[in-house]
Amino acid sequence: MKAIVFTQHGLPINDPAALFDSELPRPVPGVRDLLVEVQAISVNPVDTKIRAGSGSAAQPRVLGWDAVGVVREVGSEVSLFQPGDEVYYAGAIDRPGSYSQLHLVDERIVGHKPRSLDAASAAALPLTSITAWELLFDRLGVAEGGGEGQSLLIIGAGGGVGSILTQLARKLTRLTVIGSASRPETQQWVGELGAHHVIDHSQPLAAQLQGIGDGQVDLVISLTHTDQHFLQLVEVLRPQGRLALIDDPASLDALPLKRKSLSLHWELMFTRSLYQTADMIKQHELLERVAALIDEGVLRTTLGEHFGAINAQNLRRAHALIESGKAKGKIVLEGF
């Protein structure tokens, strides 16, 4: 089968060896696995971070943790899907990724593709939807329909996770949603997605928040450059507020949180699959719910750009755009 792989970490993305086209053996499903023929994928920052790491891969490594496709085979204990089903999912970080024609994925982290979306539009959703949902409802403990009188600040609301998180918070809660974006085009995008207010995270936060309220918020979800904003976030959080993050600060001193009794919450959407947690199937249920919300017109796809066919050249372009920090929404590729 065709696949896009790498064997050496840390190569600049303009090096043809950073990602290259290859042929790999057809994978064989395990007992809970689906064998999916991949139709479309999207590219996430985790793809670029793993590729840019250090060392050499013992075997060609396949990246990619978003896919839409058709189930071709199922394992002996599969009960949620059958061959021919159209599915979407984000995969598991400890297994080969979705930059391949055929891909194995555990059924417990897979959902039926939204019926109203084409493959490319659906591919933009799985990883970011799971991350955003878990951040808002699991990590911060906001109840659906709850949050009346409270405010949520989303740092980096124009990116992949921020684009779906803004919608979830606006549509499924009563929170006042404040999104941050640093460029006019992403600021407009965040407003279109439903944020009540949009501010610029490249400028001092407190003064901007004072301009739209009293300068403090109850909840913060920081999606990018948390280390650069950390002390400002502590400043603008109300006493007993909650801060959640997904990025990888070089260091994070939690002591400034103490005076206000602020709580800190990490989110990694791969945790359930990585540790085979007892509630792993919740990601299947979550993706089914998101698909229903899409089909009902409550949520919309966060596809930002379509980069054409799934091949090494186009994937290198996608990685380069993500590494530039200027992506809006999700970058999708479709077809081999």
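What follows is a walk through one part of a predicted model, from a strand and its partners to a helix, the nonpolar cores and some salt bridges. Because the model is predicted, local features need pLDDT of at least 70 and side-chain atom pairs count only at pLDDT 80 or more, while totals for chains, interfaces and linings use all residues. Residues are numbered from 1 along each chain as its sequence is written, and side-chain values use heavy atoms, with hydrogens and water left out.

Helices (H or I, at least four residues) and strands (E, at least two) are DSSP runs, numbered from the N terminus.

Strand 9 has partners to pair with. Two strands count as paired if DSSP finds at least two bridges between them. Strand 10 (residues 176–180) runs parallel to strand 9 and is joined to it by 4 bridges, with Ile-154 standing opposite Gly-179. Strand 12 (residues 217–222) also pairs with strand 9 in the parallel sense, over 4 bridges, and there the bridge partner of Ile-154 is Ile-221. Getting from strand 9 to strand 10 involves helix 4 (residues 160–172), and the three make a right-handed β-α-β unit. Right-handed means that, with the strands pointing away from the viewer, the path from the first strand over the helix to the second runs clockwise.

Next comes helix 5, residues 184–192, whose buried residues are Thr-186, Trp-189 and Val-190. Seen down the axis of helix 5, these buried residues fall within an arc of 95°, so they line one face of the helix; the arc is that of the directions from the helix axis to the C-beta atoms. An α-helix has 3.6 residues a turn, so residues three or four places apart point the same way. The buried residues of helix 5 pack against helix 4, strand 10, strand 11 (197–199) and strand 15 (303–306), where contact means heavy atoms within 4.5 Å. On the face turned away from that buried side sit the exposed residues Pro-184 and Gln-188. Just after helix 5, Gly-194 takes a positive phi of about 120°.

Then there are the nonpolar cores, each a set of buried Ala, Val, Leu, Ile, Met, Phe, Trp, Tyr and Cys residues joined through side-chain atoms within 4.5 Å. The largest has 88 residues, and Leu-136 and Leu-315 touch the most other members. Helix 3 (residues 126–139) gives the most to this core, with 7 residues. Neighbours within four places in sequence aside, Leu-315 is in contact with Ile-4, Leu-19, Ile-41, Val-43, Tyr-99, Ile-310 and Leu-333. A second, separate core has 17 residues, including Ile-155, Val-217, Val-220 and Val-234.

Glu-323 counts as partly exposed at 39% relative accessibility, whereas Arg-51 is buried at 2%.

Arg-183 and Glu-185 also meet in a salt bridge, at 2.7 Å, N to O. Here Arg-183 is buried, with a relative accessible area of 19%, and Glu-185 is partly exposed at 39%. Asp-214 and Arg-238 form another, with their closest N and O atoms 3.0 Å apart. Asp-214 lies in the loop between helix 6 (205–212) and strand 12, and Arg-238 in strand 13 (residues 237–245), so the pair ties together parts that are 24 residues apart in sequence. Asp-214 is exposed at 51%, while Arg-238 is partly exposed at 23%. Finally, a network of salt bridges links Glu-134, Asp-138, Arg-139, Glu-267, Arg-272 and Asp-279.

How values were computed:
Buried < 20%, exposed > 50% of the residue type's maximum accessible area, 1.4 Å probe, protein only. Salt bridge = Lys/Arg side-chain N within 4 Å of Asp/Glu carboxyl O.
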